[in-house]
Structure formats: structure tokens, C-alpha cells
Amino acid sequence: MLVIQIERNPNPPQSLSTPEIQRYLDDLDAYKIDQQLPKDQQTLSKPKCSEKWRDADLFEEFDACFFAKCYLTEQKFATSWSMDVEHFVSRQEHPDLTYQWTNLYPAEHAANMMKPRTTPVGGYLDPCAPNDAVESELLYHIDFNGQKVSFGAMNPLNIKAINTANLLNHLHNGTSHETQKRTAELRFAIYKKRDEVLNTIIVWRNAQDQNNAQAEFEAQTKLQGLLSRKSAFTMLMRSISAVRMMVPPEFLD
């Protein structure tokens, strides 16, 4: 789950408001009413809609709101076109939310396939919901050799945070031999960036000690970029002990 707070554009992309989609939603409402009648009085079949949501305006909004990052793993892409369109609440559970803008998220394909299609009791933290405070509800740890990434709930009574941590542990580490291999590249990418952050901190501190203003500025600028909300694995990088101990708060956007 994206563990930075996201401000979603309140206006849905135009491609989610076509007459075909609206007709499908109207037919679905009628079907729900029909299903409440006795079986011998039901006359409607469950409607289907062939409209697709992979349109340019949707991915442009994903680029702007989610910084072209997977909302499940924070992997960053050149463009959101490289990702799947994932439903926060699955279509199996709520087909009426299939084209709901607030239920659509960009997701890396493998992570999308690994996410369960049923929502656990209590639900997940929603990075677009201000009340969920995703940035302060989770704990993070990167294993020293990059073999494991661990997530936990800050508050053991917060069911959403517990569910989210469990999901993130599953998506980052796998739960079987096959999924452990499938997620190895993700862990390797996180570990590589961890090393880059730590090396940049060393260069920055050395430049300070040597009173080398140009080198200090270059390292500071790079460090700010690596820890930015727009960069990959933001909160995992910000959780590194060296970052927490040495990087000034004003470096973080």
C-alpha cells in the first residue's frame, strides 16, 4: 500500500463518465432491485460492461496524483501506463465500484496479481483517505542483506494497519517458494536504493566536514531527491536509522 498520503484529484477523468458506463451503472442498480424480488419474479440478468478504463486521461491523473508509483509497493515507473489499474475494493465484491474514480489505483502487475480479491474484515489503510494517516500508522524495516522487508502496525489495535502490514509483507516477501522468487527483484531494488541513500549521506557529511560547499550542495540535492515523495520507496527510505538520525526534517518534502 502506498505509505505516503496522496491527494487525489476530486474530479474524475472524463473517460470514466461515458454514456456506456453510465448505462451499465443504471442497469446494475435495476438488477440489484430485481434481485430483492422472489426468484420467480426476477426478470433481469446481471449486466456486463465492455468499456475499458485504460485511457490516457486516467493514466495522466495517476501520474499527477501518484507520481507514477505503484500504490502497493511504491515502485516507480516512467509513466503509469506501465502499470495495471487496480481496484481498491475488488469488482467481485462491489461491481458498482468498477468505474468509481476513488476505487481505482495504479499497481505493478505482479503485485496486483498477488493481492487477494477479497478484503479482510476491517479493510486496509487507504492512502487517499486523510483519516487513515498512512504515514504514521506503519512500522518498517529493511533487512541488512536485502533478503526481507518487514512491515508492522504502529498501533496493535488498529485493524486497518494490521491488515495493511500483513498485505505489504506478503507483497514484498511472498509466502511460498514461488512468490519469494517472484518478489526477489522488488527486494533487490529496495536494497539498492538503501545503499544509494546511505552512500549519499556519507558523501554529504564528508563534504560538510571538509567545508566543501559545492560538494555538500550536490549531495544534499541528491539526498532530497532520493527521499522525496515523488521517489520510489519513500517511507522505507525515510525509516532507515541513518536518515532518521542525520537528515534534517527540512530535507523531506
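**Cavities and a helix crossing in a predicted model**

In the second largest cavity, the lining residues divide evenly by class into 4 nonpolar, 4 polar and 4 charged. The model under discussion is a predicted one. The residues that line this second largest cavity are Glu86, His87, Phe88, Val89, Ser90, Glu93, Lys115, Pro116, Arg117, Thr118, Thr119 and Tyr124.

A search of the whole structure at a threshold of 30 Å³ or more returns 2 cavities. By class, the lining of the largest cavity consists of 7 nonpolar, 2 polar and 1 charged residues.

Helix α5 spans residues 159–173 and helix α7 spans residues 184–209; their axes come within 7 Å of each other and cross at roughly 100°. Because angles of 65 to 115 degrees count as roughly perpendicular, α5 is described as roughly perpendicular to α7. On the α5 side, the contact involves Leu171, His172 and Asn173, which meet Leu186, Arg187 and Ile190 of α7. Taken by class, the residues of this contact between α5 and α7 are 3 nonpolar, 2 polar and 1 charged.

Definitions and conventions. Residues are numbered from 1 along each chain as its sequence is written. This is a predicted model: local features need pLDDT of at least 70, side-chain atom pairs count only at pLDDT 80 or more; totals for chains, interfaces and linings use all residues. Side-chain values use heavy atoms; hydrogens and water are left out. On a 1 Å grid over the protein atoms alone, a cavity is a set of points where a 1.4 Å probe fits but cannot get out, and a pocket is an open set with protein on both sides within 12 Å along at least five of seven lines; lining residues have an atom within 4 Å of a point. Grid points are joined across faces, edges and corners, and a volume is the space filled by probe spheres set on the points. Ala, Val, Leu, Ile, Met, Phe, Trp, Tyr, Cys and Pro count as nonpolar, Asp, Glu, Lys and Arg as charged, and the others, Gly among them, as polar. Axes are lines fitted to C-alpha atoms, for helices over the stretch in contact, and angles run from 0 to 180 degrees between N-to-C directions. Helices (H or I, at least four residues) and strands (E, at least two) are DSSP runs, numbered from the N terminus. Angles under 35 degrees count as roughly parallel, over 145 as roughly antiparallel, 65 to 115 as roughly perpendicular and the rest as oblique. Contact means heavy atoms within 4.5 Å.
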